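Please open the model in your viewer and keep the selection tool at hand. We shall go from one group of side chains to the next.

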Amino acid sequence: MRAYLPDFRVITTEDLGEALGVLDEGVVPLAGGTDLMVYLESGQLKPCCFLDLQAIPELRRGPRLDGVLILSPLCTFRDARVLPEIRGSFPLLAAAAREVGVIAVQSRGTWAGNIANASPAADGVPALMAYDAEIELSSRNGSRRVQLARFYRGYKLTDRRTDELITAIRLPLPAPGWRGYFRKVGTRRFQAISKTLLAGRVLMGTGGEVSDIRLIFGSVAPHTLRALRTEEVIRGRVLTLEVIEEAAQILQDEISPIDDMRSSAAYRRRVSANLLRDFLSGSGLHPDANRIDRA
């Protein structure tokens, strides 16, 4: 059943302090709003009051790169596709941005909104998490920073309090030598919600061992998942076939996919393990490659 529009209200302000002052239970921050019509049409959205962020100058700043990449709450997926400083230093962001719907959605949808929406099938969150992103949460009482990998508490549950707003996303500039992998598996090549997704980064040591690694999976758990146990099995070891298979088995214990209208849990398990194998075998066979794979 469709939502009844007169049941909803919208607050608009140009002042960040005023915006933080009205945030409370029942007030929903609205950035790009690309999911809004979907929720309204399906009747999934309960009557509420939206806080429109578009007119607040502090939240509209463009991306800044100075030792760290800082994305404001209204930075869009298109920014990651068209700005050379992001494409060059953070190629996984550009790869993820290409997967977010049509160009109109990419031009309107925001990285902060993708985080706050807390969908386990989010395209942007795994790439951000692979770069050790940190988010800034602000309220009338001050600001705090939270690692994105620790932000989610369960399905659609986050560490954001009702009086807080995401005011920045910070990503440290990657050190030399890291290589990346991004692959999304969906029903179609584009404009499809993922059945499973892997955003990975690896740093190889001088002896051929894995010096450090990030493995971020989408659509296989109640929220975007950093596979810490699988990372730990791999870190410090040479990527032999035996090590890769051991990691694939550990991954099965970390993920908890479900059956739904898009796919089955069994399929997600099998394909997630295959994505991991593909990533790790490619890292070992092509030590000089800077590889971004896409489904």
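Begin by selecting K195 and Y267, where K195 lies over the face of Y267 at 5.3 Å from the ring centre; a charge is said to sit over a ring if NZ of Lys or CZ of Arg is within 6 Å of the ring centre and within 35 degrees of the ring normal. Then select R201 and W178, and you will find the charged end of R201 over the ring of W178, 4.3 Å from its centre.

Before going further, note that this is a predicted model, in which local features need pLDDT of at least 70 and side-chain atom pairs count only at pLDDT 80 or more, while totals for chains, interfaces and linings use all residues. Residues are numbered from 1 along each chain as its sequence is written, and side-chain values use heavy atoms, with hydrogens and water left out.

Next come the aromatic pairs, of which a search of the whole structure finds five; rings of Phe, Tyr and Trp (its six-membered ring) pair if their centres lie within 6.5 Å, and planes under 30 degrees apart count as stacked, over 60 as edge-to-face and the rest as tilted. Select F8 and F50, whose ring centres are 6.0 Å apart with planes at 10°, so this pair is stacked. F8 has 13% relative accessibility and counts as buried, as does F50 at 7%, where buried means under 20% relative accessible area, exposed over 50% and partly exposed in between (1.4 Å probe, protein chains only). Now select F90 and Y131, whose ring centres lie 5.0 Å apart with planes at 75°, so this pair is edge-to-face. F90 is buried at 0% relative accessibility, and Y131 is buried at 3%.

For the salt bridges, defined by a side-chain nitrogen of Lys or Arg within 4 Å of a carboxyl oxygen of Asp or Glu, the rule to keep in mind is this one, and by it the count comes to 19. Which residue meets the side chain of R226 in a salt bridge? Select E231, which pairs with R226 at 2.8 Å, N to O, and also with R235 at 3.1 Å, N to O. E231 is buried at 1% relative accessibility, whereas R235 is partly exposed at 25%. These residues belong to a network of salt bridges linking D132, D212, R214, R226, E231, E232 and R235.

Finish with R277 and E245, whose side chains meet in a salt bridge at 2.8 Å, N to O. R277 is partly exposed, with a relative accessible area of 24%, and E245 is partly exposed at 35%.
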